[in-house]
Amino acid sequence: MSGEEQPWKELRPVYTLLNDLGRTRDDAIAVARRTPRWRGRREPIRQEIAATRHLDLLGNSCLTLIRGATVLDPGPRKASAATVRGLSGVLDALAEARGSHAVFQHAARRTLAVVRDAPERGSAVPVAVRESVRLVATDILVFAGADADEAERAVRDGSTDITVERRARPGE
């Protein structure tokens with residue numbers, strides 16, 4: 001297998017996992033609508049369903065960034081590596097958070113810092129990869145609980161902070 005084919009082989013299972021996430025979300029919606037215990041707790045369920053939709057978008061934007069970064073020449077790849085590592089670190093923290101508002105807020109601030117430090121125009125990083133970085137950052141912010149329009153604006157304007165909404169937990 002050539003070096004160019006290896007990333008595609010490794011990414012294929014991720015597409016399957018994202019597809020499974022969508023099916024699981026649909027199943028959860030059906031169960032929540034039919035289960036008397038959860039009928040009265042619509043807001044936490046609605047928020048969790050929205051979070052899984054944002055997670056689906058985030059997963060796809062990450063895959064787009066990975067695909068773009070893997071085909072870069074060595075110079076641009078090196079220039080974008082710190083940014084990709086920074087976003088990966090934020091995603092690791094979110095994976096461990098399990099719904100912690102404090103972690104979501106910290107992840108949002110870290111995401112904005114990573115994007116502010118990303119190589120900009122005139123750098124060796126192609127426009128498509130820079131835009132993929134911005135898309136991943138915006139999707140992280142929205143998943144964490146920021147308003148989508150505010151997240152897009154914060155990434156574009158180089159903001160240092162953004163408010164993330166506290167999520168109700170399904171058991172509350």
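Predicted model: local features only at pLDDT ≥ 70, side-chain atom pairs only at ≥ 80, totals over all residues.
1. Secondary structure. The chain contains seven helices and zero strands. Read from the N terminus, the order of its elements is α-α-α-α-α-α-α.

2. Burial and surface. The chain has 172 residues, and 38% of them count as buried; here, buried means a relative accessible area under 20%. The accessible surface of the chain amounts to about 10,300 Å². Carbon and sulfur atoms account for 53% of that surface.

3. Contacts along the sequence. Consider the contacts in the chain between residues at least 6 apart in sequence: 68% of these join residues at least 24 apart.

4. The cavity. The structure holds one cavity of 30 Å³ or more. The space in the largest cavity is about 70 Å³. Eleven residues line the largest cavity, and those closest to its centre are Ala-118, Pro-119, Glu-120, Arg-130 and Val-133.

5. Elements around the cavity. Two elements each give two or more residues to the lining of the largest cavity, namely helix H4 (74-97) and helix H6 (127-144). The greatest contribution comes from H6, which supplies four residues.

6. Sorted by class, the residues that line the largest cavity comprise six nonpolar, two polar and three charged ones. A student may wish to locate Ala-118, Pro-119, Glu-120, Arg-130 and Val-133 in the structure, as these lining residues are the closest to the centre of the largest cavity.

Notes
Residues numbered from 1 in each chain as written. Heavy atoms only, no water. 1 Å grid on protein atoms, 1.4 Å probe; cavity = no way out; pocket = protein on both sides within 12 Å on 5 of 7 lines; lining within 4 Å. Points joined across faces, edges and corners; volume = space filled by probe spheres on them. Nonpolar A, V, L, I, M, F, W, Y, C, P; charged D, E, K, R; others polar. Buried < 20%, exposed > 50% of the residue type's maximum accessible area, 1.4 Å probe, protein only. Contact = heavy atoms within 4.5 Å. Areas by Shrake-Rupley, 256 points an atom, 1.4 Å probe, with all protein chains shown as cover.
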